[in-house]
Amino acid sequence: MIGLDTNVVLRYLLQDDPSQTRQVNRIFEQELSDQNPGFINLTTTVEIVWVLRSLLRQTSAQIAMHLENLLAADSLELQNEQQVFEAVFALKAGTGEFEDALIGALNAWAGCSHTLTFDKRTARLPSFQSIA
């Protein structure tokens, strides 16, 4: 397994820098496989979402599409893939931000009965409960 940094995954998704894109495409096409996958940890996943939303101003639908492409790739392994999938679902449905949905999904995976929040919108997500 080969760990992938945020900038490597973004170059692959966006294909926006000719030199780096060429290098990344070669790695994804020739070095990564289902037997030797690229690993994307949770911090990298959250950073990808942050860059797409904050710096590149992509919509929730665009961000969800990028994440779905990563989840579908046989040559990639995402940490806590099921929880990432659940957060993508919430993002696509418009029921919450990816990061909040991921927090709730990870806490449920860890055995939490619910997650407390002051955020009214986040409290609408499954497994969250509003304090106020």
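This is a predicted model: local features need pLDDT of at least 70, side-chain atom pairs count only at pLDDT 80 or more; totals for chains, interfaces and linings use all residues.
Colleague: What is the order of the strands in the open sheet?
Modeller: The edge strands are β1 (2-3) and β3, each pairing on one side only. β1 and β2 pair in the parallel sense over two bridges. The sheet is open, has three strands with parallel pairing, and its order is β1-β2-β3.

Colleague: Which residue in β2 is the bridge partner of glycine 3?
Modeller: Two bridges join β1 and β2, and β1 spans 2-3. The bridge partner of glycine 3 in β2 is phenylalanine 39.

Colleague: Which residues of the largest nonpolar core touch the most other members?
Modeller: This core has 31 residues. Elements giving two or more residues to the core include α1 (6-14), α2 (18-31), α3 (42-55) and β3 (76-78). Leucine 76 touches, among others, Phe28, Ile40 and Leu70, not counting residues up to four places away in sequence. The core members that touch the most others are Ile40, Ile48, Leu70, Leu76, Val84 and Phe98.

Colleague: Which elements do the buried residues of α1 pack against?
Modeller: The buried residues in α1 are Thr6, Val9, Leu10, Arg11 and Leu13. Just after this helix, glutamine 15 takes a positive phi of about 50°. The buried residues of α1 pack against α2, β2 (38-40), α3 and α4.

Colleague: Is glutamate 29 buried or exposed?
Modeller: Glutamate 29 is found in helix α2. Exposed means over 50% relative accessible area. Because its relative accessible area is 60%, glutamate 29 is exposed.

Colleague: Which element gives the largest share of the lining of the largest pocket?
Modeller: The largest pocket is lined by 14 residues, and Glu86, Ala90, Ala101, Leu125 and Pro126 lie nearest its centre. The elements that give two or more residues to this lining are α5 (81-93) and α6 (98-109). The largest share, five residues, comes from α5.

Colleague: How many residues in the lining of the largest pocket are nonpolar?
Modeller: The largest pocket has a volume of about 190 Å³. By class, its lining has three polar residues and one charged residue, and the number of nonpolar residues is 10.

Key:
Residues are numbered from 1 along each chain as its sequence is written. Side-chain values use heavy atoms; hydrogens and water are left out. On a 1 Å grid over the protein atoms alone, a cavity is a set of points where a 1.4 Å probe fits but cannot get out, and a pocket is an open set with protein on both sides within 12 Å along at least five of seven lines; lining residues have an atom within 4 Å of a point. Grid points are joined across faces, edges and corners, and a volume is the space filled by probe spheres set on the points. Helices (H or I, at least four residues) and strands (E, at least two) are DSSP runs, numbered from the N terminus. Ala, Val, Leu, Ile, Met, Phe, Trp, Tyr, Cys and Pro count as nonpolar, Asp, Glu, Lys and Arg as charged, and the others, Gly among them, as polar. A nonpolar core is a set of buried Ala, Val, Leu, Ile, Met, Phe, Trp, Tyr and Cys residues joined through side-chain atoms within 4.5 Å. Buried means under 20% relative accessible area, exposed over 50%, partly exposed in between (1.4 Å probe, protein chains only). Contact means heavy atoms within 4.5 Å. Two strands pair if DSSP finds at least two bridges between them.
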